[in-house]
Amino acid sequence: MKYLIMSGVMVAMASCPGTSVPQAQRHQAVVSVVSAHAVLSAIQDTEALLVCGRVSAPPSGCVPQATHLVVLNRLLSAFEYEKQLVGLVRAVPPGSPTTREIFGLLGQVQDLVDLILADIPPSALKANLVGQLGGQS
Amino acid sequence: MNASDVIAWIRLGQQVFAEGSKVWAQIKPVLKDSGIEVDNAQLDSLALDTDQRIARIKAELNATGEGP
């Protein structure tokens, strides 16, 4: 499964990593960071509903406690990467070289999103989450 | 991940966040480039939420003895 964190407009940045970043591309980086945050937030909120034993958990397809802890640790790492991204993008004045590190961090977040979604068993709530993310299998 | 990966994503799936979804609702307001000050305000607001989410995760992990 692949889930899009970076918006398509990032392609323009990808074509010239390490080069200067005019405001338009800085804004694209902001959109990508907001996208990453929205995805991670949706995953965190949905997964919390699916943990076995909670009243919101489905009768089948709930997330076992051990898996939940794995997911929490992955989410923690992903949000920490996102914090680094925010700091990087926030500090970038238009015209500064930045993009390679931003892409690296977005890639780390993307990898964690893929792992987390693979951890979560199939259920209606998960299907709804995947639909929100525009994911496909 | 590198530039070719990004381009491959676009070509493979033309994947977009589902319009009308909660995720899309968070992204749509920032799509328009309203300038660096608006972008920075957005990042500051996002950082606050991220800190709260990290704190919640750490609290839960600590409560289960699985904290970092």
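Visitor: What percentage of the 68 residues in chain B is buried?
Guide: Welcome! This is a predicted model, and a residue counts as buried when its relative accessible area is under 20%. By that cut-off, the buried share of the 68 residues in chain B is 25%.

Visitor: Which pattern do the elements of chain B follow from the N terminus on?
Guide: Chain B has three helices and zero strands. From the N terminus on, its elements therefore read α-α-α.

Visitor: How many helices are there in chain A?
Guide: Chain A has 137 residues, with 53% of them buried. Along the sequence its pattern is α-α-α-α-α. There are zero strands, and the number of helices is five.

Visitor: What share of the contacts in chain A with a separation of 6 or more comes from residues 24 or more positions apart?
Guide: For a contact, heavy atoms must lie within 4.5 Å. Taking the contacts in chain A with a separation of 6 or more, the share from residues 24 or more positions apart is 75%.

Visitor: How far apart are the end C-alpha atoms of helix H3 of chain A?
Guide: H3(A) covers residues 65-90, which is 26 residues. At 1.5 Å a residue, these should span 38 Å. The distance between the end C-alpha atoms agrees with that, at 37 Å.

Visitor: Are helices H2 and H3 of chain A roughly parallel or antiparallel to each other?
Guide: H2(A) takes in residues 23-50, and its axis comes within 10 Å of the axis of H3(A). The two axes cross at roughly 160°, and angles over 145 degrees count as roughly antiparallel. So the pair, H2(A) and H3(A), is roughly antiparallel.

Visitor: How many nonpolar residues does the contact of H2(A) with H3(A) have?
Guide: Residues of H2(A) including A:Val30, A:Val33, A:Leu40 and A:Ile43 meet residues of H3(A), among them A:Val71, A:Leu75, A:Phe79 and A:Val86. By class, this contact of H2(A) with H3(A) has four polar and four charged residues, and its nonpolar residues number 13.

Visitor: Is A:His68 buried or exposed?
Guide: A:His68 lies in helix H3 of chain A. Leaving aside neighbours within four places in sequence, A:His68 is in contact with A:Glu47, A:Val51, A:Arg54, A:Val63 and B:Glu60. Its relative accessible area is 1%, and the cut-off is under 20%, so A:His68 is buried.

Visitor: Are H2(A) and helix H5 of chain A roughly parallel or antiparallel to each other?
Guide: H5(A) covers residues 124-133, and its axis is 10 Å from that of H2(A). The helices pack at an angle of about 175°. With angles over 145 degrees counted this way, H2(A) and H5(A) are therefore roughly antiparallel.

Visitor: How many charged residues are in the contact of H2(A) with H5(A)?
Guide: On the H5(A) side are A:Leu125, A:Leu129 and A:Leu133, and they meet residues of H2(A) including A:Val39, A:Ala42 and A:Thr46. The contact of H2(A) with H5(A) divides into eight nonpolar residues, one polar residue and, for charged residues, no residues at all: charged, no.

Visitor: Is H2(A) roughly parallel or antiparallel to helix H3 of chain B?
Guide: H3(B) covers residues 36-63, and its axis comes within 10 Å of the axis of H2(A). The two axes cross at roughly 25°. Angles under 35 degrees set the class here, which makes H2(A) and H3(B) roughly parallel.

Visitor: Which helices of chain A do the buried residues of H3(B) pack against?
Guide: H3(B) has 28 residues and reaches 40 Å from its first C-alpha to its last. Its buried residues include B:Leu43, B:Leu46, B:Thr50 and B:Ile57. In chain A, the buried residues of H3(B) pack against H2 and H3.

Visitor: Which residues of chain B does A:Val34 touch?
Guide: A:Val34 is in helix H2 of chain A and counts as buried, at 4% relative accessibility. Not counting residues up to four places away in sequence, A:Val34 touches B:Gln26, B:Ile27, B:Val30, B:Gln42 and B:Leu46.

Definitions and conventions: Residues are numbered from 1 along each chain as its sequence is written. Chains are lettered from A and ligands numbered from 1 in the order in which they are written. This is a predicted model: local features need pLDDT of at least 70, side-chain atom pairs count only at pLDDT 80 or more; totals for chains, interfaces and linings use all residues. Side-chain values use heavy atoms; hydrogens and water are left out. Helices (H or I, at least four residues) and strands (E, at least two) are DSSP runs, numbered from the N terminus. The expected span of a helix is 1.5 Å times one less than its number of residues. Axes are lines fitted to C-alpha atoms, for helices over the stretch in contact, and angles run from 0 to 180 degrees between N-to-C directions. Angles under 35 degrees count as roughly parallel, over 145 as roughly antiparallel, 65 to 115 as roughly perpendicular and the rest as oblique. Ala, Val, Leu, Ile, Met, Phe, Trp, Tyr, Cys and Pro count as nonpolar, Asp, Glu, Lys and Arg as charged, and the others, Gly among them, as polar. Buried means under 20% relative accessible area, exposed over 50%, partly exposed in between (1.4 Å probe, protein chains only).
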